[in-house]
Amino acid sequence: MSAPAQPARVLVAGFEDGVASFLARQLRGVTVETAPDAAAARAQLSGGAWSLLLLDHEIPGGPGGVLDGAPALPPIFLCLPRGGGALDDGTLQARGVTRTFSHPIDRQALVREAAAVLGAEPVADTSADGGGAAPADALGEAVRKAWERFRGPVTARVDAIENAAIAVLEGRLTEEERRHAEREAHKLAGSVGTFGFAQGSRVAREVETLLQGSAPLGQAEALRLTDAAVALRRELARPPSPLTEMPRAAGGDTRPSRAQVRATPLLLVVDDDAELAERISMEASARAMRTRLARNVADARVAVADERPAAVLLNLSFEDGARHGLELLAELSAHSPRIPVVVLTGSGAFADRVEVARLGGVGFLQKPIAPQTAVDAVTGVLHLGQQRRSCVLAVDDDPVILDAVQRLLDPAGVEVHVLDNPERFWESLEEVCPDAVLLDIDMPRVSGIELCRVMRNDARWSATPVIFLTARTEAETVQRVFSAGADDYVAKPFVGPELVTRVTNRLERVQLHRALADSDPLTGVANRRRSDELMGQLMHLAVRNRQPFALALLDLDHFKLVNDRYGHGMGDEVLRRVARLLERGFRAEDVVARWGGEEFVVGMYGMDKEDAVRRLEAVLEQLRAEPFDLPGAEPLRVTFSAGIAQFPVDGDDLPALYRVADATLYQAKQAGRDRVIPAGWTADRPDRVTQLDVVVVEDDPALARLLLHALETRGYSSRWIADGREAAEALTGSRPELRARLVLLDVDLPGMDGHAVLRRLARDRVLERTRVIVLTVRAHEAEVVQALEEGAFDHVSKPFSIPILLQRIRRTMMA
Amino acid sequence: MSRRILIVDDEDDIREVAQMSLEMVAGWEVIPARNGEEGLRLAAEHVPDAILLDVMMPVMDGPATALRLQDDPRTAGIPVILLTAKVQPADRRRFEGLSVAGVLAKPFDPMELANQVSSALGWRE
């Protein structure tokens, strides 16, 4: 970059100091000065040449005091109050405002825009120029280095949370242990975010809140602690996010990645009706959403600043809720990316609906309402939000215009592909597959109107929105544009908000249509049509990259009985739960679809049959572990059967794979349902022996889950079997299904107890290759002696701490 | 303008990052202290321009240290900023009784810490 002859000068008028010093740090070779009020700003502006004025609308003395009658002004960035929009675009332009922001100001966007106007480079982009690294890079590097040293001791704090989880499970959590775990969680919450683990801080804070006070902790809390401990270990094992990507407390772009959204989206419920809010919260947690309640609008603002919710359910019918609630709605819709808001109100008046829609509400529900319906609306909205980033193809022979389009649309979350040579239009169209096209009318050789006609004549592109960029707005041109098949036009020179609004409006419409056409309305996962399309793409990828591809067909067991006995409402809930579990159990790049009825299909790229079996078994395990509550009856247990086929060994095109998977599914049903089997499996001779490090035989699912997580995070392959007889069968026989280096065996098992399992393993000579550690309830000497005589290698008595158990496991394996 | 800041935090990781952050971003001189006791001694010895004080520390916690600083005429005039991961209702009442210049939330963003300290103290860097 060539240094400007004169350093660019920026005047920051009316802001707190932070903004000016941030700009100064982030823009190289730029002088930043500040003015606290209108009079000072005016005096400074008249004293020399300025390159940019950043003006706070709330400046003491008012923006008029700075701008009215001022001589030549530089480009102006105006920061409007929270919610913005007080001035219309015409007024802004007339005052020389080139860009507006709203409080809280998005500093990253500000730096980008300012850099563009000043021809300066943001510091973060110049990290590669060796020599004198900018402070941001140097600090980032130093913090990363520090993390390398502290990762060990910081991660060790998670032990306290794990130990507390076990103690809760076993009903022996002491006050001292609880406070210790709370303190460790507190420390994690306060520290790991600083190193680039914002999510880690949030999880730790949840743990801290859970442990606070003295409310008794039960099974549910133990599970939450377990999951939190696992999430923390996983998070801290990852490389930290670079500092520049850290979510900022105010205003920054804290867009969660798609993976995070899928993990556990946060629903913010703003309502003073505690009972309804509580029921909504329960319903939401059944659909794998976390909820946070805010009693009023002020609490809601705090909550949003704390963690960006995936969606907001806003009740407008409480006292004073209407006015403040609408303000909140406008604020949330102005967020970038916008936070979808579903509005609940006591009135269904048309005027209210219009007002809500105008302020950006994406859903409107009328009270009284079942919590289930409210949460349905929210999940619908979330599925829309999970669509991929929209993309636009912009065609103009003027690179300045293309550049402006890109800069304006990028912050709005739109990916822009630009093309300055209209003769390459057709190729670009095919390559980019845009969701909308922006066309200049006047281009050399080929006009935009002609391009638009060409698109409209091709079935594939006849429905894609086309928006014209035109300097000519006389009636005749406008009429030509529309008769060529355009959807809209924007006059050049365009102002940012207009272009952004027109484009995003079109894109949202496209997404809505697509979501409706592509997804199963009941569960929100892909429908059959869409899944065929996606599976086709994954297969192509698999062929090209010589990767395996696995296809699973699964069918709920005895589903008809569920519908018949408990009604279709229950049936629907079961289907939704299964869809959520599948979505959570698979990666974003896998395909999960419902094929109608109780049949689902999952496509897994890069996975072979064995991987696929493991993944689906984990989902099945979860489904078994979480029965559905029924009022006044035994909880309903639901299972499924699945068959898996692999490309290319079981078939080399989709129809062939479907056939094989379907036949295998039938086999699974025949073999007794409630199981996942790969193609080629035969009942009495498992296809292959699975070799594992550790098999955990334990009937308490929560403890088992904790053990498995602890083992897996330390690199041991492991499997959980809840039942003694099942374990004995899997591990014994002439061709056992499982071989393990070590078995952790609970003595106290229903059906076949630990001693019987151990005797069976000894009899079948399994103990020659597998060592057994027995988990005894209390250190009853007689029981321990008996186990050791039966062939156990070692014993650990409950309650135990995970680190000690792991030590014993390591020792046993090495011995 | 060069400033001298005393950081009192018992957690090594946070103390180090805060120190790096203030040194590298703002160019301030930083004196680290591992606990309240050491903090009191170093404050009296160096008379820094401000003190960053962690709330949750064993033996003598942040608020207790702040009270002792106020009682000592050598350190009574030094502005104190508390660093805390969570403001509990009970803490809030304790903070109100102290005349601290500000309360900053943990985790902090290393890029922003100097800024936050400056604005809490009304410094114009």
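**Exercise 1. Find out what share of the contacts in chain A with a separation of 6 or more comes from residues 24 or more positions apart.**

Step 1. Start with the term: two residues are in contact if their C-beta atoms, placed from the backbone, lie within 7 Å.

Step 2. Residues 24 or more positions apart account for 63% of the contacts in chain A with a separation of 6 or more.

Step 3. Chain A has 30 helices and 25 strands; helices (H or I, at least four residues) and strands (E, at least two) are DSSP runs, numbered from the N terminus. Of its 815 residues, 41% count as buried. Here a residue is buried if 20 or more other C-beta atoms lie within 10 Å of its own, exposed if 12 or fewer, and partly exposed in between, with C-beta atoms placed from the backbone.

Step 4. Keep the origin in mind. This is a predicted model, in which local features need pLDDT of at least 70, side-chain atom pairs count only at pLDDT 80 or more, and totals for chains, interfaces and linings use all residues. Residues are numbered from 1 along each chain as its sequence is written, while chains are lettered from A and ligands numbered from 1 in the order in which they are written.

**Exercise 2. Work out the strand order of the open sheet that contains β1 to β5 of chain A, and see what lies across it.**

Step 1. Read the order: the five strands run β2-β1-β3-β4-β5 in chain A, with parallel pairing. Two strands pair if DSSP finds at least two bridges between them.

Step 2. Look at the edges. β2 (30-35) and β5 (97-102) of chain A each have a single partner strand, so one side of each has no neighbour in the sheet.

Step 3. Zoom in on one pair. Strand β1 (residues 8-13) and strand β3 (residues 52-56) of chain A pair in the parallel sense over four bridges, and Val12(A) stands opposite Leu54(A) in β3(A).

Step 4. Helix α5 (residues 107-118) of chain A lies across β1, β2, β3, β4 (76-80) and β5 of chain A, at about 150 degrees to β3(A).

**Exercise 3. Decide whether Pro75(A) is buried, partly exposed or exposed, and list what it touches.**

Step 1. Locate Pro75(A): its place is in the loop between α3 (62-67) and β4 of chain A.

Step 2. Count neighbours. Pro75(A) has 17 other C-beta atoms within 10 Å, so this residue is partly exposed.

Step 3. List the partners: not counting residues up to four places away in sequence, Pro75(A) touches Leu52(A), Thr98(A) and Val117(A).

Step 4. Compare chain and space. Pro75(A) and Gly96(A) are 21 residues apart along the chain, and their C-alpha atoms are separated by 6.6 Å.

**Exercise 4. Describe how α7(A) packs on α8(A), then how α23(A) packs on α24(A).**

Step 1. Know what to look for: two packed helices are described by the angle between their axes and the distance between the axes.

Step 2. Helix α7 (residues 175-191) and helix α8 (residues 198-211) of chain A pack at about 155 degrees, with axes 8 Å apart. That makes α7(A) roughly antiparallel to α8(A). Angles under 35 degrees count as roughly parallel, over 145 as roughly antiparallel, 65 to 115 as roughly perpendicular and the rest as oblique.

Step 3. Turn to the second pair. The axes of helix α23 (residues 568-585) and helix α24 (residues 609-625) of chain A come within 10 Å and cross at roughly 140 degrees. α23(A) and α24(A) are therefore oblique to each other.

Step 4. Name the residues in touch. Val578(A), Leu581(A), Leu582(A) and Gly585(A) of α23(A) meet Arg615(A), Ala618(A), Val619(A), Gln622(A) and Leu623(A) of α24(A).

**Exercise 5. Find the partner strand of β11(A).**

Step 1. Strand β11 (residues 391-395) of chain A is mostly covered, with four of its five residues buried.

Step 2. β11(A) pairs in the parallel sense with strand β12 (residues 415-419) of chain A over five bridges.

Step 3. In this pair, Leu393(A) stands opposite His417(A) in β12(A).

Terms used. Axes are lines fitted to C-alpha atoms, for helices over the stretch in contact, and angles run from 0 to 180 degrees between N-to-C directions.
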